[in-house]
Structure formats: C-alpha cells, structure tokens
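This report describes a single protein chain through its computed geometry. Please keep the sequence and the coordinates at hand while reading.

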Amino acid sequence: MSQDSNLHQNEGQSSPDVLPQDPSRRFWLGTACAVGGVAGVATVVPFVASMSPSDRAKAAGAPVSVNLAAIPPGTMVTAEWQGKPVWVLHRTPEMIAGLEKMDKYLADPASDRPGFTPEFAKNSYRSRKEQWLVVVGICTHLGCSPSPRFALGGAEGMPADWEGGFLCPCHGSQFDLAGRVFKNQPAPDNLLVPPYYFVDDNTIMVGLEQAAG
C-alpha cells in the first residue's frame, strides 16, 4: 500500500471522547445496540421459561463448542456466546501473509490497549493459532455488526489496495483480518477477542481460556 493512499483514512471522525472511558463499559454499551440477531436474542432472554435448556445456558454465558472441521479455509462461521455473535474465521496462507503489511495503518497493531485482547492473543494474529481468528463481531464504536470484506482490492466496494477485513456499515470503521482497527476510524479499539481454548485440533471452546480442572 502507498503512504499517500486514502485507505482507512477518516480523519476527524474518531469519537472516543463521547464514549465511556472504561473499555468494558464502552463495550457493554455497544452490545446493547448491536444488530443482526443479537438484539433478537436479548429480547427473549427474560422469558426463561420458554427457552430450551441449551438456550438458557447460552444466555447465561455457558461455554460454546465450535467445530473447526466444518469451516473451509477462507470462510467464516458465526457462533453465539452470551447473546453475542462470535466470528470464527479460517484464514488462508494468503490472508495470514497480508497481516504483515498492515501494522503502519493500524491504530493499535500490537493490541496494547486494555480490555479487548487477552494475553494469549497479543500477537500479530490475535489468536492462539495463526490460521484461526476468533473475535466478537460487534464494532467497538457504537455496537453495530461489521460485515466481512474478504476479497482483495475493490471487488466489494473497498479501496484498490484493500487486503481483506471487515467494514462496519453504520459509520465506516474498518478492521483487518485480525480484527484490528485502522487509524482515524470512529471505532476506538480492536474487536474483542473472547476467552477460548482448543479442545483438540478440530474443536474450540468459547467462553473459557482453559479446560476446567
């Protein structure tokens, strides 16, 4: 990418000053107005009696198992945990290589800002294994749900030098394929990495950082 590219540049749009200072408070404020299925889940949580045992467990925050074998390279599935969408993306070697080009365009490339990245994900991939991205699909600005834009270049309405990532349709925030936000965006932080661990090579458990016991 060229330095003079206007990619990811929305100077003056960043608005962290109007959000709660504490990252966890800002995240839960955003969660309350998330779109695309999450709001629907929130409306039925009070009606516990009408929910199945598994639905009640999810609403209460029980860990959720995800079968990785069912996710081909280059595709993503959405799981539900604590009433929030959790994206599980199987990154291709090309997607992984593209991450190395992004640092100079990112607001927090090393995920140093507190509250959104657990210690195990403080690496350039923001994950336990480089081919797997696991993030909560809620924008850290005002809680909209970003859309995947995996195609390179302008094929999906993105700039010509786009390396793939996510676009929030509400206010235009852009994230790379590690869920890291670009500079000068309305979103002040990277996408949240939830606790999770690998049960085996083909299964992750979202909601815990390690197996109990």
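The sections below go from the overall content to the cysteines, the strands and some individual residues.

## Overall content

The model is predicted. Its secondary structure comes to four helices and nine strands. Read from the N terminus, the elements run α-α-α-β-β-β-α-β-β-β-β-β-β.

The protein has 213 residues, and buried residues make up 47% of them. Its accessible surface comes to about 10000 Å², with 55% of this belonging to carbon and sulfur atoms. Among contacts between residues at least 6 apart in sequence, 61% join residues at least 24 apart.

## The disulfide

How many disulfides does the structure hold? There is one, and it joins Cys144 to Cys170 with an S to S distance of 2.1 Å.

The torsion about the S-S bond of Cys144 and Cys170 is about -110°, so the disulfide is left-handed. The two partners fall into separate accessibility classes: Cys144 counts as buried at 10% relative accessibility, while Cys170 counts as partly exposed at 35%.

## Two cysteines without a bond

Cys139 is in no disulfide, and the nearest cysteine sulfur, that of Cys168, is 3.9 Å away.

Cys139 is buried, at 3% relative accessibility. Cys168 is also buried, with a relative accessible area of 3%.

## The open sheet

Strands β2, β3 and β4 form an open sheet of three strands, in the order β2-β3-β4 and with antiparallel pairing. Its edge strands are β2 and β4, each of which pairs on one side only. Neighbouring strands of this sheet are turned against each other by 20° on average, direction ignored.

Within the sheet, β2 and β3 run antiparallel and are joined by six bridges. Ala79 stands opposite Val86 in β3. Strands of a sheet pair through backbone hydrogen bonds, either parallel or antiparallel.

## Strand β9 and its partners

Strand β9 covers residues 203-206. Four bridges join it to strand β1 (residues 64-67), and the two run antiparallel. In this pairing, Val64 stands opposite Val206 in β9. Strand β9 also pairs with β8 in the antiparallel sense, over four bridges. Here Phe198 stands opposite Ile204 in β9. β8 and β9 form a hairpin with two residues between them.

Are the two faces of β9 covered or open? Both are covered: Thr203 and Met205 on one side, and Ile204 and Val206 on the other, are all buried. In a regular strand the side chains alternate between the two faces of the sheet.

## Positive phi values

Most residues other than glycine have a negative phi. Gln82 is a residue other than glycine with a positive phi, near 55°. Gln82 is placed in the loop between β2 (76-81) and β3 (84-90). At 31% relative accessibility, Gln82 counts as partly exposed.

Asn184 also has a positive phi, near 55°. Its place is in the loop between β7 (174-176) and β8 (196-200). With 26% relative accessibility, Asn184 counts as partly exposed.

## Ser127

Where does Ser127 lie? Ser127 is in the loop between α4 (93-99) and β4. Although it belongs to a loop, Ser127 is buried, with a relative accessible area of 2%.

Leaving aside neighbours within four places in sequence, Ser127 is in contact with Arg91, Phe120, Ala121, Trp132 and Tyr196. Ser127 and Val193 are 66 residues apart along the chain, and their C-alpha atoms are separated by 8.1 Å.

Conventions. Residues numbered from 1 in each chain as written. Predicted model: local features only at pLDDT ≥ 70, side-chain atom pairs only at ≥ 80, totals over all residues. Heavy atoms only, no water. Buried < 20%, exposed > 50% of the residue type's maximum accessible area, 1.4 Å probe, protein only. Contact = heavy atoms within 4.5 Å. Areas by Shrake-Rupley, 256 points an atom, 1.4 Å probe, with all protein chains shown as cover. Disulfide = S-S within 2.5 Å. Pairing = 2+ DSSP bridges. Axes fitted to C-alpha atoms, helices over the stretch in contact; angles between N-to-C directions.
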